[in-house]
Amino acid sequence: MTKKAENLLLLIWVQAFLALAGSLFYSEVMGYIPCELCWYQRILMYPLVIIYGVAAIKKEINVALPGLILSGIGIIVSIYHYLVQKVSAFHELGGACTGGVPCNAIYVNYFGFVTIPFLAGIAFIVIFILHLMLLKELRRN
């Protein structure tokens, strides 16, 4: 594995770890109760820290293949959740979430468009793109 590939793998792990830390900050420090779709995004993000951590330690990209799949699904869930929050046609779908917190609830709204699902979606997209770059780097060598 080249040094560039190792750095990409480490960068992916850092992104997954920051997303995990951010979600725990919002729930445990700020006291925001996660909705059902937030839990699905956590279920998809949290294993990425372990998957990419193990791949970085072993320096084997094959170990990280499930990460590409999980991040791809995470992108879809995050986009859907963001639409539930921001698009009125989807807004009523979010009120049907179980667990006590409606999925259309917006805890943060930085700059008028950056919500927690938006942040999760960006994290999933970054991980997905970096993983594709990593695969391209490995095929080049």
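Which residue forms a salt bridge with Lys4? The views below take up this pair and several other places in a predicted model, in which local features need pLDDT of at least 70, side-chain atom pairs count only at pLDDT 80 or more, and totals for chains, interfaces and linings use all residues. Residues are numbered from 1 along each chain as its sequence is written, and side-chain values use heavy atoms, with hydrogens and water left out.

**View 1. Lys4, Glu137 and Arg140 are linked in a network of salt bridges.** The partner of Lys4 is Glu137, and the closest N and O atoms of this salt bridge are 3.8 Å apart, where a salt bridge is a side-chain nitrogen of Lys or Arg within 4 Å of a carboxyl oxygen of Asp or Glu. Because Lys4 lies in helix H1 and Glu137 in helix H5, the pair ties together parts that are 133 residues apart in sequence; helices here are DSSP runs (H or I, at least four residues), numbered from the N terminus. Glu137 also forms a salt bridge with Arg140, with 3.9 Å between the closest N and O atoms, and these two residues of helix H5, being 3 residues apart, are separated by about one helical turn. Glu137 is buried at a relative accessible area of 8%, Lys4 is partly exposed at 43%, and Arg140 is exposed at 55%; buried means under 20% relative accessible area, exposed over 50%, and partly exposed in between (1.4 Å probe, protein chains only).

**View 2. The side chains of Glu6 and Lys59 meet in a salt bridge, at 3.7 Å from N to O.** This pair links distant parts of the chain, with Glu6 in helix H1 and Lys59 in the loop between H2 and H3, 53 residues apart. Glu6 counts as partly exposed at 21% relative accessibility, and Lys59 likewise counts as partly exposed, at 45%. Lys59 has a positive phi of about 55° although it is not a glycine. Most residues other than glycine have a negative phi. By the rule stated for View 1, the count of salt bridges comes to 3.

View 3. The 27 residues of H1 reach 37 Å from the first C-alpha to the last, close to the 39 Å expected at 1.5 Å a residue, the expected span being 1.5 Å times one less than the number of residues. H1 is followed by Gly31, whose phi is positive, near 80°.

**View 4. Arg42, placed in helix H2 (residues 36–58), makes a side-chain polar contact with Ser27.** The two side chains approach to 2.9 Å, a polar contact being a pair of N or O atoms within 3.5 Å, for which, within protein, one atom must be able to donate a hydrogen and the other to accept it, while residues adjacent in sequence count only if both atoms are side-chain atoms. Arg42 counts as buried at 10% relative accessibility. Leaving aside neighbours within four places in sequence, Arg42 is in contact (heavy atoms within 4.5 Å) with Ser23, Leu24, Ser27, Pro34 and Pro47.

**View 5. Gln85, in helix H3, has a polar side-chain atom 2.8 Å from the backbone oxygen of Ala105.** Gln85 counts as buried at 7% relative accessibility, and beyond the neighbours within four places in sequence, the residues in contact with Gln85 include His91, Cys103, Asn104, Thr115 and Pro117. The 22 residues of H3 should span 32 Å at 1.5 Å a residue, which agrees with the 32 Å between its end C-alpha atoms.

**View 6. Phe111 lies in the loop between helix H4 (88–94) and H5.** Phe111 is not a glycine, yet its phi is positive, about 60°, and this residue is exposed, with a relative accessible area of 75%.
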